[in-house]
Amino acid sequence: MIKSNIKLLVLSFLLIISLRPLQSAEMVDPIKVDWSFKGLTGTFDRASLQRGFQVYKEVCASCHSMQYLSYRNLGEPGGPEFSEQEVKAIAASFEIEDGPDSQGEMFTRPGKPSDKFKSPYPNVQAATAANGGAYPPDMSVLVKARKGGANYIYSVLVGYEDPPPGVTLDDGVYYNKYMAGNKIKMPNNLMDGLVEYADGTESTVDQMAKDVTTFLAWAAEPELEERHKTGVKVIIYLVLLTILVYLSMKKIWSRIDTEV
Amino acid sequence: MSEQEYTPKSKAGKWFNDRLPLLTLGAHLTDYPTPKNLNYWWTFGGILTFCLITQIVTGIVLAMHYVAHADLAFASVEHIMRDVNYGWLIRYIHSNGASMFFLAVYIHIFRSLFYGSYKSPREVIWIIGLMIYLLMMAAAFMGYVLPWGQMSFWGATVITNLFSAIPLVGDSITTWLWGAYSVDNPTLNRFFSLHYLIPFLILGLVVLHIWALHVPGNNNPVGIDIKKPSKDTVPFHPYITIKDAFALLVFMIIFAGFVFFTPNVLGHSDNYIPANPLVTPAHIVPEWYLLPFYAILRSVPDKLGGVILMFSAIFILFVLPWLDTSKVRSAVFRPIYRQFFWILVIDVLMLGYVGAMPAEGIYLVLARVGTIYYFLHFIVVMPVVGYLEKTDPIPMSISEPVLTGRAEPSLARKVNDKV
């Protein structure tokens, strides 16, 4: 009697929860990609990270900043792992403003690995003004800042379509299947063959979208590989310790007549 | 309390103990007679102590690197995540630790509700516990503001705006809380200061909570008074310490699972967008542990009414020991109350769920039904059921049988298993 009542309540509770997808059916679920960095032991695909950096540098970086990353991060373990020379060369290819010098003047110099990624605009207002009133968000933690994470970013990149009949778009607004509200101010910047990959991989839209999303996922969580590795060790340690403590507990409690 | 006088063996120990009886306290804590039939729901006190210490230790380290300024807070959190050695680990332990803390405290509170641990002579333990819970909510709310993301900013705006519902002086109070004319840098600064202060207030209350517990001793699953020390009790060490350690380790495995493999699942993705006073998020939702109260708040069409009801939902718990009219503590022997207990659990879960949903349509209806039931449970069900209910026979002691004279040591456990 009691149990059946409780079961009934639990069932009705589950029913309410299951109504949820019905209510929010207008949004299209992002495409599910089998990323190499998913799962308990997931790691980044090193080659994909390097290609993704190339896409970022040649395409995204003209509008999007990545202000929390430094060039040195590109050579650190768990990331694209460019060699020291490559990182230095990448950094040096940017002109960084520094100063003031002893005369009080600002000056520019080639970038160093310790510099932060150079932003395309001096500030948010400038970025907004140059992009038709829509601020291209900083991409440092973008993957963590969007519901759906990497799947969502990838889906938006490949989700450009002609608007369905009846939908009119203003100038500088584009139709995207996965974007909330389906309207996006970022044009479809990816087209087949846009970049020339150093490793000879064919640069299809899908390939570039996957590579740059992998790069952004690493940028948002540069600690991911170390976190996964440490996590596995910690859990194994805790499980072993738990077993030992459990056995000790059984032994200690065997002195009295009560089960534990 | 253990009544045997403790005398240190060494001369120096005796000299010190005569001046400050710390060793006596240690001996008391070690020998503290504890009911031997405590089940695993009783291990959450130790787990909560662990949670508090973890939050304090990780928090102190985070505060060494965090910058409480509206222009720098978000960047300083990214600095912790990227440049501070193991900063990501410390921050993820701290942010997930808050959730684990609340998970444990909710289990702890519902355990108390089920076994009647709030009843005489333990009312003061219960009330101190509720004060700890209130401070925990304040600390957690202010902590969530510190990263200065979108949810930080807008959550702070929504919650501080609640005070503007107070008639006449509401707006002045809100401005005073902000230290500005909106949530801004002064608000962030004072929230950081208070966020650092509150855990130590909690620590003080925890000492009082345990002190108050050690006066009557633990309640137990059978809910009867027991002689201490007796056949029904075991010394706290090693019996309870080892059991608490085992339960804590199981808890830590779950904790580590969140920290290492899905550290952001309990947070909101919008909080990785820097705070922007000009852009309001589509849905402003508090952290999961505050959702039931958020649902109660939004279930009332009137702002002031909602605020009063939300605070009443917490403050009604303070008079719970006097609303419950039953002479029997443990719900194990209360067939009717037991059912209402589970309805309350489901009611609170449902309120938490609708708190995360938009306040419209079916969700609003459910929030209202859930809110009404929540108050009915305490104001009507508890006094009336306690008065009318025919309780099951209660054993004379933990080791002794229920009125039959047949020895059955694990009786309490078997009764529990049926629940």
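Student: What makes the 76 residues a nonpolar core, and which members touch the most others?

Tutor: A nonpolar core is a set of buried Ala, Val, Leu, Ile, Met, Phe, Trp, Tyr and Cys residues joined through C-beta atoms within 7 Å. A residue is buried if 20 or more other C-beta atoms lie within 10 Å of its own, exposed if 12 or fewer, and partly exposed in between, with C-beta atoms placed from the backbone. In the largest such core, Ile47(B), Phe101(B), Ala104(B), Leu351(B) and Val354(B) touch the most other members. Helix α5 of chain B (residues 87–115) gives the largest share, twelve residues. Helices are DSSP runs of H or I with at least four residues, and strands are runs of E with at least two, numbered from the N terminus.

This is a predicted model: local features need pLDDT of at least 70, side-chain atom pairs count only at pLDDT 80 or more, and totals for chains, interfaces and linings use all residues. Residues are numbered from 1 along each chain as its sequence is written, and chains are lettered from A and ligands numbered from 1 in the order in which they are written.

Student: Which residues is Ile47(B) in contact with, leaving aside neighbours within four places in sequence?

Tutor: They are Ala104(B), Ala247(B), Leu248(B) and Phe251(B). Contact requires C-beta atoms, placed from the backbone, within 7 Å.

Student: How many residues does each chain bring to the contact?

Tutor: Chain B brings 36 residues and chain A 39. On the side of chain B, α10(B) gives the largest share, 13 residues.

Student: How many helices and strands does chain A have?

Tutor: Eight helices and four strands.

Note on methods: Contact = placed C-beta atoms within 7 Å.
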